[in-house]
Amino acid sequence: MRRCLIVGLGLLALGLALSSTLDSWAQDNKTLIRVRGSDSVAGRVDQLAKLYMKDHPEVNVVVLGGAKTIGLPALIDKSGEVAMAARKATDLERREANDHGIELVERLIGYGGLTIIVDQENPINELTIEQVQKILKGEFNRWDQVNGSATPITVFSVGEIHQGTIHFLENDFLGKAPITKKAEIVSGFETLIRKVAETKGSVGFTRIRDAFESPASQQVQFKILKLKETPGSPAIFPSRDAIADGSYPLKRPFFLYLDTKAKPEVKAFVDFIVGKGWGAQKL
């Protein structure tokens with residue numbers, strides 16, 4: 001009980017500190033722009049927000065990630081002016097926003113890539129999009145079905161902590177089909193990379209930054225596959241450049257949402273983010 005009380009008081013103090021900070025910014029006669037939503041989008045938007053504020057001292061932009069897929073509730077409860085999303089808003093979410101007097105403006109800000117990884121000993125180096133789809137759906141369960149060995153396929157998947165990625169894969173990439181029920185669910189992409197590295201015949205999916213920049217990617221050995229749109233297409237290795245030029249076929253869109261009645265300062269900030277897009281950016 002005492003530990004719960006201490007944790008509760010700590011969270012209360014953190015909330016009060018954040019509220020005090022936001023209040024002080026508002027009192028500086030600066031326009032406060034709160035950007036809430038998906039962690040997959042937050043890092044890039046936060047970098048660009050810092051750039052924006054250098055040239056626009058009249059605003060304070062606060063980027064708060066943490067939502068698993070989409071930040072629309074922040075627009076509805078007025079805790080944010082801009083919502084970050086790792087997927088498109090659903091019809092239900094749009095209707096809910098309308099019910100609260102919010103008419104959503106959707107702005108595409110760029111694409112993130114997903115990589116397909118296998119264990120280092122797998123002789124497969126590339127797959128077509130259709131082959132990946134059949135593997136993830138469980139229609140292919142041995143590697144010799146994609147010109148590999150007769151080794152059984154073990155699919156690793158992340159769970160609900162990465163709802164945006166799962167939503168994209170099942171609703172867009174797999175055509176509203178679920179990832180195979182035989183998939184072994186792990187806690188996150190770091191764990192998935194380690195599991196694939198140590199499991200013969202395994203396959204999994206990660207975000208590009210996890211495959212190249214995470215601690216696990218530097219500590220264990222695994223193989224990142226090239227992907228091709230069709231059997232006759234060139235096989236493309238995943239990279240940010242390949243996503244930017246449209247050649248890499250497994251990419252997912254990222255969005256910002258705001259209300260049509262948003263302040264001009266909010267609209268100008270969103271225009272800036274959209275203009276910068278999703279490429280590398282020096283601060």
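Contact, as I use the word here, means heavy atoms within 4.5 Å.

**Entry 1: ground rules**

I am working on a predicted model, where local features need pLDDT of at least 70, side-chain atom pairs count only at pLDDT 80 or more, and totals for chains, interfaces and linings use all residues. Residues are numbered from 1 along each chain as its sequence is written, and side-chain values use heavy atoms, with hydrogens and water left out.

**Entry 2: Asp 119**

I looked up Asp 119 and found its place in strand β4. Strands (E, at least two residues) and helices (H or I, at least four) are DSSP runs, numbered from the N terminus. Is Asp 119 buried or exposed? It counts as buried because its relative accessibility is 4%. Buried means under 20% relative accessible area, exposed means over 50%, and partly exposed lies in between (1.4 Å probe, protein chains only).

Next I listed the contacts of Asp 119, leaving aside neighbours within four places in sequence. They are Val 196, Ala 197, Thr 199, Lys 200, Gly 201, Ser 202 and Lys 223. I also checked Lys 195, which is 76 residues from Asp 119 along the chain. Their C-alpha atoms are separated by 8.9 Å.

**Entry 3: the whole chain**

I stepped back to the chain. It has 11 helices and 11 strands. Of its 283 residues, 46% count as buried. I then took the contacts with a separation of 6 or more, and 73% of them come from residues 24 or more positions apart.

**Entry 4: helix α6 and what follows**

Which residues of helix α6 (residues 163-173) are buried? I noted Gly 164, Thr 165, Ile 166, Phe 168, Leu 169 and Phe 173. Their cover includes α5 (129-137), α7 (189-198), β4 (104-119), β6 (154-158), β8 (202-207) and β11 (251-259).

I followed the chain past α6. Gly 175 comes after the helix and has a positive phi, near 65°. Lys 176 also has a phi near 65°, a positive value in a residue other than glycine. Lys 176 sits in the loop between α6 and β7 (184-186). At 66% relative accessibility, Lys 176 counts as exposed.

**Entry 5: the cores**

I looked for nonpolar cores. A nonpolar core is a set of buried Ala, Val, Leu, Ile, Met, Phe, Trp, Tyr and Cys residues joined through side-chain atoms within 4.5 Å. The largest one has 45 residues. Ile 135, Phe 173 and Phe 205 have the most contacts inside it. Phe 173 touches Ile 129, Val 132, Gln 133, Leu 136, Phe 168 and Leu 250, not counting residues up to four places away in sequence. A second, separate core of 25 residues includes Tyr 52, Val 63, Phe 254 and Phe 269.

**Entry 6: aromatic pairs**

Rings of Phe, Tyr and Trp (its six-membered ring) pair if their centres lie within 6.5 Å; planes under 30 degrees apart count as stacked, over 60 as edge-to-face and the rest as tilted. How many aromatic pairs are there by this rule? I got four aromatic pairs. Tyr 52 and Phe 269 form an edge-to-face pair, 5.3 Å centre to centre with 70° between the planes. Tyr 52 is in helix α2 (residues 39-55) and Phe 269 in helix α11 (residues 264-276), so this pair links distant parts of the chain, 217 residues apart. Both Tyr 52 and Phe 269 are buried.

Tyr 52 and Phe 272 form a tilted pair, at 5.0 Å centre to centre and 50° between the planes. This pair also links α2 with α11, across 220 residues. Phe 272 counts as partly exposed because its relative accessibility is 21%. I wrote down Tyr 52, Phe 269 and Phe 272 as one aromatic cluster.

**Entry 7: Pro 238**

I found Pro 238 in the loop between β10 (226-228) and α10 (240-244). At 1% relative accessibility, Pro 238 counts as buried. What does Pro 238 touch, not counting residues up to four places away in sequence? I listed Thr 115, Ile 208, Phe 212, Ile 224, Leu 225 and Tyr 248. Pro 238 and Leu 250 are 12 residues apart in sequence and 8.5 Å apart in space, C-alpha to C-alpha.

**Entry 8: Lys 78**

My last stop was Lys 78, in the loop between α3 (72-76) and β3 (82-85). Its phi is positive, about 65°, although Lys 78 is not a glycine. Lys 78 counts as exposed, because its relative accessibility is 54%.
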